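The sequence and the structure come first.

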Amino acid sequence: MSGERQVAAADWPAAIAAAVADGWRFADLHDAPGDRLRALLLRGAEQRLLCCAGAGRRVGSLIERLPAAIWDEREAHERGGWRFAGHEPLRPLLGHDAPAWARDEGVDLHQVAVGPIHAGVIESGHFRFHCVGERILELELRLFYKHRGLEREAVGRPLASAIVYAQRACGADAVANQVAYAQACEAALGLAPPPALRRARTLLLELERLYNHLNDISAVCAGVGFAPGTMLFAALKERAQRLCAELTGHRFLFGTVAVGASRLAIGAAAARAALAELGELRRAIDAGWHELRAAGSLQDRLVGLAVLTRADALALGAVGPAARASGVDEDVRGASPLLDYAGFVAASPGEPSGDVAARVRMRAAELGPCLDVLERLLDAPPAPAQAEREREPAAVGAGVVESPRGRSVCVVERAGERLARLRLRSGSYANWPALTRCVRGILLPDFPLVNKSFELCYACVDR
Amino acid sequence: MFVLLRQLQRLRGQIGLPPATLRGSLTLRHVDAGSRNACEHELTATANPFYDLQRYGLSLVASPRHADVLLVTGPVTTRMAGPLRTAYEAMPEPRRVAALGDCALGCGVLGAASELAAPLDHLLPVDVRIGGCPPTPAQIAEALLTLL
């Protein structure tokens with residue numbers, strides 16, 4: 001862990017480019033109080049926070065070298081009034097007052113507007129498809145219909161109790177967002193989690209991954225209209241959520257993560273019952289997935305559809321199963337000293353073909369290692385634990401966690417015991433631009449299926 | 001596929017849901033007015049083999065035009081207030097509104113005042129209140145069956 005480094009405004013793009021050339025990966029950029037701009041870079045388990053101050057809130061843009069920063073710069077412009085030379089046009093991200101959509105001229109070109117209310121039980125957001133016939137040329141997103149101003153509202157509140165804002169951002173990634181928040185606060189406060197606390201959090205994270213991945217496989221089957229697969233994996237997800245409730249008292253594991261401590265206690269009998277259920281789940285998952293792989297009418301819709309190339313995935317900063325399905329070696333779990341992933345080996349997607357089939361395959365492949373970790377941790381079930389003072393406190397801290405959708409980043413700036421800035425950059429935030437890229441050229445009716453293969457969340461993007 | 005169907009059949013036998021007595025039917029339209037996606041997960045779960053709400057004649061439909069009940073989740077953000085009203089107005093009479101989850105009930109809502117329109121029952125007449133964060137599929141099923 002390193003402290004925050006100050007960079008002169010004139011050197012901003014060059015400093016970040018130099019770090020990237022040195023093997024660092026861009027993870028976040030946001031506006032900070034006092035006319036400052038902050039970026040987070042990662043290299044393995046190392047974090048580097050770069051900060052640039054003043055300069056009339058004007059710096060060179062990163063997006064030519066790092067398209068992954070496009071959304072971050074748009075948001076920093078809207079929230080903090082920053083201008084980025086070279087980022088033209090700097091269109092609003094949160095704001096809904098933007099002028100017309102980017103392109104609406106051309107022979108036979110037409111727009112299809114979808115949302116904010118969708119046809120199924122889906123979160124709210126607007127998609128604007130620019131099509132020729134049924135083929136998508138370009139997809140533009142207008143999200144943030146669910147914007148609740150959570151980050152702003154959290155400012156000024158005590159660090160420990162403000163974790164509810166990280167929790168409320170998203171239901172399905174609640175543990176990942178909260179663990180990232182807790183890690184960020186602990187980094188700022190100079191605290192370190194002892195082994196028992198690492199174990200408890202890792203258990204919660206993998207329980208969250210288990211029910212999410214089962215949900216996502218079910219959702220892809222629903223996108224194809226393959227009802228037996230939908231229902232079988234929906235039933236497996238239900239069992240996983242009931243297991244969550246048995247172990248923690250909540251089907252979505254709410255109320256289980258705290259700053260600097262864990263109250264999670266699992267008795268020996270409950271752990272034994274959970275291990276038995278996990279064993280049964282593993283057999284049922286293997287049998288179900290075996291059938292899905294053999295189901296021709298399902299696979300026919302998945303193979304070759306909406307390929308996210310490795311180059312695009314890298315450039316756009318895609319994360320999680322979607323990035324790994326495109327051959328990007330990107331899994332925070334392999335470098336998480338603050339969690340208990342000892343000996344963790346990331347699952348292989350087989351052929352990293354980057355299509356819908358690969359994204360589904362990737363999730364199925366990750367269920368095995370997920371169950372392995374859960375079984376190992378339940379062999380000696382977690383007991384309550386408290387973080388320990390390890391080093392001098394700092395003003396800023398960052399937390400990085402692998403959520404079911406990919407790397408979830410939280411940066412916290414504190415003023416004493418209270419929040420001065422909260423920034424939550426979820427895996428979904430990182431992946432929406434990759435989704436819009438890989439749907440170019442596909443048929444419009446295939447979009448819902450492609451969308452489900454990413455299964456991105458709107459709530460934690462909108463915040 | 002046949003193996004999958006056999007697995008599902010076996011599962012249904014194990015779950016042993018009691019046979020439903022059909023008293024009628026209701027079509028449901030869901031609108032997310034700013035939820036955090038947990039209510040959506042649980043609403044979707046009411047269709048899974050453990051609850052199978054469809055056997056009571058309850059189904060989720062794609063258009064408010066076809067709906068008897070509007071199921072609203074979330075605290076109603078400023079940006080969703082308009083689309084929510086449009087969806088409600090598109091429904092034929094008689095229509096009912098169900099508030100799904102604590103946020104829609106105005107309980108424990110978090111967020112900036114400027115981003116939140118008003119509690120749901122200030123905007124639409126709420127007929128059914130389903131509390132919980134999120135309510136479980138069983139609680140959702142039980143509350144919706146009172147409408148039949």
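**Basis and conventions**

Helices (H or I, at least four residues) and strands (E, at least two) are DSSP runs, numbered from the N terminus. The model is predicted, and local features need pLDDT of at least 70, side-chain atom pairs count only at pLDDT 80 or more, and totals for chains, interfaces and linings use all residues. Residues are numbered from 1 along each chain as its sequence is written, while chains are lettered from A and ligands numbered from 1 in the order in which they are written.

**A:V220 in helix α6 of chain A**

A:V220 belongs to helix α6 of chain A, which covers residues 195–224. A residue is buried if 20 or more other C-beta atoms lie within 10 Å of its own, exposed if 12 or fewer, and partly exposed in between, with C-beta atoms placed from the backbone; A:V220 counts as buried because it has 28 C-beta neighbours inside 10 Å.

Contact is taken to mean that the C-beta atoms of two residues, placed from the backbone, lie within 7 Å. Leaving aside residues up to four places away in sequence, A:V220 touches A:V360, A:L449, A:K452 and A:S453. A:A357 is 137 residues from A:V220 in sequence, yet the C-alpha atoms of the two are 9.6 Å apart in space.

**The sheet of chain A**

Two strands pair if DSSP finds at least two bridges between them. In chain A, 4 strands form an open sheet of mixed pairing, in the order β1-β4-β3-β2. Its edge strands, β1 (4–6) and β2 (25–32), each pair on one side only. β2(A) and β3(A), the latter made of residues 36–43, pair in the antiparallel sense over 7 bridges, and A:R25 stands opposite A:L42 in β3(A).

Axes here are lines fitted to C-alpha atoms, for helices over the stretch in contact, and angles run from 0 to 180 degrees between N-to-C directions. Helix α1 of chain A (residues 12–21) lies across β2, β3 and β4 (46–53) of chain A, and runs at about 170 degrees to β4(A).

The expected span of a helix is 1.5 Å times one less than its number of residues. Helix α5 of chain A (residues 174–189) has 16 residues and reaches 22 Å from its first C-alpha to its last, close to the expected 22 Å; 16 of its 16 residues are buried.

Helix α7 of chain A (residues 227–248) has 22 residues and reaches 31 Å from first C-alpha to last, close to the expected 32 Å. Because 18 of its 22 residues are buried, α7(A) is largely enclosed by the rest of the structure. Just after α7(A), A:G249 has a positive phi of about 90 degrees.

**Chain B**

The secondary structure of chain B comes to 5 helices and 5 strands, and from the N terminus on its elements run α-β-α-β-β-α-β-α-β-α. Buried residues make up 41% of the 148 residues in chain B, and the C-alpha trace of chain B spans about 55 × 30 × 25 Å along its principal axes.
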